[in-house]
Amino acid sequence: MHLARFPRLSLGHFPTPLEPLHNLTRLLGGPQLWIKRDDSTGLATGGNKTRKLEFLLAQALAEKADTVITQGATQSNHVRQTIAGAARLGLKAHVFLEQRVSDYGEAYQRSGNVLLDRLLGGEIIAHLPNGADMQQAMEQHAAQLREQGHRPYVIPGGGSNPVGALGYVACAQELLWQSAQQRLRIDHVVHATGSSGTQAGLVAGLFASNSAIPVLGISVRAPKEKQQQNVWNLASQTLELLGVAQPLPREAVVANSDYVGDGYGIPAASTLEALTLLAQHEGILLDPVYSAKGFAGLIDLIRQGHFRQHENVVFIHTGGAAGLFGYQQPLESAFTHG
């Protein structure tokens, strides 16, 4: 894979640390836990989207765009990072937010990522109801901007297309380099999977490198079959973009949807436990929508004996701690009843 042939910007702080979780490893009784700190990538508190945006915003500049348009849920980490990247490049950022969660009060609607969206200079075009056709809304807005003489560039939700997935192909390469430097045999990679771009990029990158490292995505929204199909489709498209002729086996894509709980953006009891355990035993903040649900799945699978004690399991921390401030209500309730 020759990633240097694709347009790319330097927006992030790479390589992100690969650190052992000694305290949680002891607490849970193995396997050996590691964390890849993609919460430390930069761009307004960081997160996994920075890697994708290095390629997506480079493509926007290559197309001489003056405005980027994207979408996400109210407390979207992707929207916040896209606005931050646009600000750094002198581009306007127009965003659409989807009301996927409605019962966490004013803090959810105005604090956390929403506050940062406005601070960073993003223009919220509309706050649409749950289930709205967000892609159509963006395309219609882009058409209006073109009529006004602007040059918009539309980024899908989560930055999850083959160009964006290249960011996690790069992460796969980085992870393999770090494992070699630390003489660490990685037996499993686990992370929260949503819009599919992170998992698709990791799967494509590790597959094309012949690493034989399995990736387990803990779904935060979609049922297992749908999530696996979405990831396989995008990973296959990414490999095609890379020029990798070998087809991706379906069994290379594995998702687990047992930890979604009551739905996207709604923390389950296991989500809040994962948040608390990592915060109080390792001093690391997860987010209640993605990374904590992913880590909750990892914790439960460890308790079930899914991993062997001697194995090394790397959790990819996709960031999102800024969203904690939008979840004051369920977090305070957990502290009260914990």
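**Figure 1. Ser76 in the predicted model.** A residue counts as buried when its relative accessible area is under 20%. In this predicted model, Ser76 has a relative accessible area of 7% and is therefore buried. Ser76 sits in the loop between S3 and H3. An unreviewed UniProt entry lists Ser76 under "active site".

**Figure 2. Surroundings of Lys49.** Lys49 belongs to helix H2, which spans residues 49-62. The relative accessibility of Lys49 is 10%, so this residue also counts as buried. Leaving aside residues up to four places away in sequence, Lys49 touches His78, Gln81, Gly158 and Ser195. The UniProt annotation "modified residue: N6-(pyridoxal phosphate)lysine", from an unreviewed entry, covers Lys49.

**Figure 3. Packing of helices H2 and H3.** Two packed helices are described by the angle between their axes and by the distance between those axes. For H2 and H3, the axes come within 10 Å and cross at roughly 45°. The two helices are therefore oblique to each other, and H2 passes H3 in a right-handed crossing. On the H2 side, the residues that meet H3 are Lys49, Thr50, Leu53, Leu57 and Leu61. Their counterparts in H3 are His78, Gln81, Thr82, Gly85, Ala86 and Leu89.

**Figure 4. The parallel sheet.** An open sheet is formed by 4 strands in the order S5-S4-S3-S6, with parallel pairing. S5 (123-129) and S6 (152-154) are the edge strands; each has a single partner strand, so one side of each lacks a neighbour in the sheet. On average, neighbouring strands of the sheet are turned by 20° against each other, direction ignored.

**Figure 5. Pairing of S4 with S5.** Strand S4 covers residues 92-99 and is joined to S5 by 6 bridges, the two strands running parallel. One of the paired positions is Val95, whose bridge partner in S5 is Ile124.

**Figure 6. Helices packed on the sheet.** Helix H3 (residues 77-89) packs on the sheet and touches strands S3 (67-73) and S4. The direction of H3 makes about 165° with that of S3. Helix H6 (residues 134-147) also packs on the sheet, in contact with S3, S4, S5 and S6. The direction of H6 makes about 160° with that of S3.

Notes
Residues are numbered from 1 along each chain as its sequence is written. This is a predicted model: local features need pLDDT of at least 70, side-chain atom pairs count only at pLDDT 80 or more; totals for chains, interfaces and linings use all residues. Side-chain values use heavy atoms; hydrogens and water are left out. UniProt positions are given in the numbering used here, feature names are shortened, and annotations may be inferred rather than shown by experiment. Buried means under 20% relative accessible area, exposed over 50%, partly exposed in between (1.4 Å probe, protein chains only). Contact means heavy atoms within 4.5 Å. Two strands pair if DSSP finds at least two bridges between them. Axes are lines fitted to C-alpha atoms, for helices over the stretch in contact, and angles run from 0 to 180 degrees between N-to-C directions. Angles under 35 degrees count as roughly parallel, over 145 as roughly antiparallel, 65 to 115 as roughly perpendicular and the rest as oblique. A crossing is left-handed if the near helix is turned anticlockwise from the far one by less than a right angle, and right-handed if clockwise.
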